[in-house]
Amino acid sequence: MIDPITGLGLVALMGALATIAGAAEDLESDVGSQSNPNSQVQLAAQMDFPHRIFNKAISGEPPAYGLWCAAGATVASVLLAQNMSVIFAIAIGSFVGAILLGLYSVTAHMGRTTSQKRFKQPIYMDMVIGHLPPIMGHGYIAVFCIVSFSYIMDHMLGHPFPLPLLAFLWGITAGAIGSSTGDVHYGAEREFQNQPFGSGLNAAQSGNIVRKAESGLRNGMDNVWACAKFGGPVTGLALGFTVFFDNWRSTVFSGMNAVIAGLIIVLILILANRLVEVQARKAYGPYKDEEGGTEA
Amino acid sequence: MSTAAGGPATGGLPPNTIIAIGVIGGLAGIYLTMLNQTFNTTIFSVMGGIGSIFAVVWGADAVRRVCSYGLGTGVPSIGMVALGMGVVAAIFGLIIPETGILPIPAILGPVISFIVAALVGLIIGLLSNKVLNMNIPIMEKSMIEIAGAGCLVMMGLSASIAGSFAFNDAILPSVVSTGYIAIVFIGGAMTILHPFNANLGPDETQFRTLYVAIEKAALTMVIAGFASLTAIDAVSAALTVLVGLAIFLVYFDKFMKSVHREAYKVVGTGLLPSAEELE
Amino acid sequence: MIIDPITIALITLGGALIGLGVHFIPVGGAPAAMAQATGVGTGTVQLAAGAGLTGLISAGYMYNFLATSGSFTTSDLILVLASGAVGAMIMITVTMFIGQLVYVYCVGVPPVSAKVDKDPITGDIQDIYVSQGTEGHGVPTVSFVSGTIGGLFGGVGGSLVYVQLMEIGNTPADPAVVALAGIFATGVFYVNAVLASYNIGGTIEGFHDPKFKRVPKAIISCLIASLICAIIAVPIMGGVS
């Protein structure tokens with residue numbers, strides 16, 4: 001065991017890396033439009049709303065990030081075994097992960113759009129070329145941070161799993177958090193700014209996504225610009241909290257105390273959620289009168 | 001059956017042909033790595049990677065057939081369940097001759113893995129249809145195929161990293177202990193589930209989906225080749241990487257050509273289609 | 001080499017717990033990402049996997065710490081399982097809470113369930129808070145608590161599978177055994193999570209959802225599937241030299 005102060009410092013560093021990773025992960029999925037909100041991008045062309053938004057249907061975010069992180073960590077481990085310095089090894093590994101992400105993005109966007117031939121959705125090559133660098137750039141930051149904190153966990157805090165396996169598992173968690181939190185900003189708000197604020201998307205409006213920007217036609221870059229103001233940072237917060245709390249409790253406390261500390265964190269979150277719920281109900285009020293509100 | 005039953009309009013390959021390609025190509029690739037031992041070299045590790053490409057083609061085609069029915073959870077989950085079964089079955093088959101509890105020669109390892117994977121797939125398929133009432137007519141068959149293909153992909157990639165499919169001597173130290181099993185697992189899963197997910201839509205064609213499968217499997221082979229640097233010598237690893245890159249380039253080009261041929265329109269840039277155009 | 005029936009039984013139990021846990025996790029699938037359905041806006045399998053595998057990371061760390069420092073007792077086992085459970089619970093509660101912040105402060109909708117008239121835990125009236133054309137949105141308290149329970153079961157299940165696999169070889173410091181048990185636990189997790197999510201058709205609000213009544217079918221399926229995985233996996237772990 002390393003001494004507690006160093007341990008806490010490392011845990012804090014991991015939390016910081018995870019926060020950056022989470023934010024970059026979510027923003028990457030907003031530039032390229034991945035995961036659940038992408039169902040609306042896919043639907044739009046079908047409902048006679050052709051668009052200029054990237055359709056990055058690689059797979060769900062968790063397996064995708066599992067792959068980028070596992071690939072990055074694999075390359076990094078090979079380089080580490082050849083005695084390369086840690087930072088360079090992880091940097092080159094993450095670069096390989098980002099290239100994979102770029103290549104998968106191309107086939108996803110072009111494949112899906114081609115399969116929509118009958119809805120007359122054209123493929124714009126400038127869009128493919130223009131979106132790839134931001135996708136790969138955000139992806140690179142996310143993979144680099146995830147592999148880095150996996151490396152800290154593996155080589156400094158003494159986790160038994162080998163680096164590629166640990167990075168793979170954290171990649172899945174990062175993808176799960178990204179698609180659960182920040183993507184809602186993109187899916188429920190940014191894609192549907194033409195709908196009144198303060199309600200969920202009416203199912204009748206499915207596919208009617210915003211296709212025009214402040215000037216010109218909207219694309220992924222406009223979407224990420226908006227989502228970087230809320231969705232991205234809170235996703236970072238979520239992954240950062242998960243990594244930090246989970247490791248903090250087992251670094252500061254030992255044995256059963258670590259479990260109790262974790263349970264207290266969970267209880268606080270349940271109460272905080274209740275506070276937010278009560279506040280939201282009070283602030284927004286019901287959509288219907290109490291008498292006429294029997295039908296859902 | 002909409003677009004997914006083999007696409008006769010584009011001259012699609014029938015399922016049985018693809019099954020034959022996958023099983024024979026996959027197993028042949030794995031067994032050809034034995035030439036390494038015969039000639040006391042590691043240069044034939046590349047065959048494992050090539051075998052995995054055949055198996056991926058089969059797996060991606062099976063995903064394509066089953067996912068034309070609504071599964072309720074999207075395409076990726078079926079790929080993950082396949083590899084979840086595949087990883088356990090693959091290692092079981094490779095290790096069981098070496099433990100000596102059953103008198104099986106080690107050479108039969110990959111075949112046992114494959115059969116076990118198919119059996120587990122059959123049971124998962126039966127459970128989905130009979131217990132969970134999913135009522136997808138080809139669920140059992142598809143689960144057998146996807147699990148079998150997943151198992152072959154994992155064995156092929158592992159053999160190409162380790163240079164042999166002997167478990168305790170080769171795969172355990174160079175694939176499992178190092179953690180490269182993670183990239184074999186998720187790389188195999190993504191190459192099987194991504195091609196259909198990436199081409200989903202009413203105008204999907206079998207050839208375009210399979211081009212993506214081959215090209216993505218070749219990319220995974222490149223990573224596996226790089227990982228094999230720690231297990232086998234640099235020349236053999238470089239060969240796996242280069243062959244993988246070559247296959248990737250050829251099939252990426254084929255994919256791009258088919259996109260340019262089949263898409264509604266491929267333009268450099270432009271406005272959205274006008275209202276008259278959409279009529 | 002001995003094939004221990006208790007080990008197989010415990011791995012099977014772990015798999016069934018994973019399947020049970022998935023039913024508690026409130027996920028709305030793609031519609032929830034557009035605030036069209038109650039729950040977290042992602043897929044069942046992926047959220048369950050994210051939580052369960054975070055638990056697996058915690059449990060692996062705790063197991064390594066306890067098992068390498070001496071003999072591994074039953075109280076140690078409980079500690080490892082609790083550690084895995086808490087790891088998964090932290091991940092799922094943080095995710096649901098941050099998701100809630102996005103729904104409330106970004107989309108501007110109150111958390112509400114469309115499957116029940118009153119929240120069974122807080123007693124709040126639900127139906128009048130559902131916005132037009134949707135089936136609820138956000139994560140109301142009942143779903144939040146349900147999700148926490150789901151994390152608990154998922155974390156315990158995944159950790160149980162991992163610990164039992166590790167105990168067969170009885171060499172906790174061998175990196176090959178650790179990696180093998182880790183990847184097998186991941187594989188078993190995915191098999192059970194996918195079967196469970198096929199059972200609920202991809203979306204569920206929590207234990208108050210009518211779909212939750214289908215849980216026995218999933219338990220049976222997960223028991224059978226995990227039993228087979230266990231029968232296959234146990235000789236492997238025993239055979240690693």
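Q: What is the radius of gyration of chain C, with its 241 residues?
A: This is a predicted model, in which local features need pLDDT of at least 70, side-chain atom pairs count only at pLDDT 80 or more, and totals for chains, interfaces and linings use all residues. The radius of gyration is taken over C-alpha atoms, and the globule rule is 2.2 Å times the number of residues to the power 0.38. For 241 residues a compact globule would have a value near 18 Å, which agrees with the value for chain C, 19 Å.

Q: What percentage of the residues in chain C is buried?
A: The C-alpha trace of chain C spans about 65 × 35 × 25 Å along its principal axes. A residue is buried if 20 or more other C-beta atoms lie within 10 Å of its own, exposed if 12 or fewer, and partly exposed in between, with C-beta atoms placed from the backbone. Of the 241 residues in chain C, the buried share is 73%.

Q: Which residues of helix 6 of chain C meet helix 5 of chain C?
A: Two residues are in contact if their C-beta atoms, placed from the backbone, lie within 7 Å. Helix 5 of chain C contributes G158(C), V161(C), Y162(C), L165(C), M166(C) and G169(C).

Q: At what angle do helix 5 and helix 6 of chain C pack?
A: Axes are lines fitted to C-alpha atoms, for helices over the stretch in contact, and angles run from 0 to 180 degrees between N-to-C directions. Helix 5 (residues 141-169) and helix 6 (residues 175-199) of chain C have axes 9 Å apart. The packing angle is about 145 degrees.

Q: How many residues of helix 6 of chain C are buried?
A: Helix 6 of chain C reaches 36 Å from its first C-alpha to its last, close to the 36 Å expected for 25 residues (1.5 Å times one less than the number of residues). Just after this helix, G201(C) takes a positive phi of about 65 degrees. Helix 6 of chain C is mostly covered, and of its 25 residues the buried ones number 24.

Q: Which helix of chain C gives the largest share of the side that touches chain B?
A: The contact takes 35 residues from chain C and 36 residues from chain B. On the side of chain C, the elements that give two or more residues are helix 3 (44-67), helix 6 and helix 7 (215-239). The largest share, 15 residues, comes from helix 6 of chain C.

Q: What is the distance between the end C-alpha atoms of helix 5 of chain B?
A: Helix 5 of chain B covers residues 109-131, and just after the helix N133(B) takes a positive phi of about 50 degrees. At 1.5 Å a residue, its 23 residues should span 33 Å, which agrees with the end-to-end distance of 32 Å.

Q: How many nonpolar residues are on the side of chain A that touches chain C?
A: The contact takes 68 residues from chain A and 69 residues from chain C. The largest share of the side of chain A, 17 residues, comes from helix 10 of chain A. Ala, Val, Leu, Ile, Met, Phe, Trp, Tyr, Cys and Pro count as nonpolar, Asp, Glu, Lys and Arg as charged, and the others, Gly among them, as polar. By class, this side has 23 polar and 8 charged residues, and its nonpolar count is 37.

Q: What is the radius of gyration of chain A?
A: Chain A has 10 helices and 1 strand. The globule rule gives 19 Å for 296 residues, and the value for chain A is close to that, so chain A is as compact as a globular protein of that length, at 21 Å.

Methods: Residues are numbered from 1 along each chain as its sequence is written. Chains are lettered from A and ligands numbered from 1 in the order in which they are written. Helices (H or I, at least four residues) and strands (E, at least two) are DSSP runs, numbered from the N terminus.
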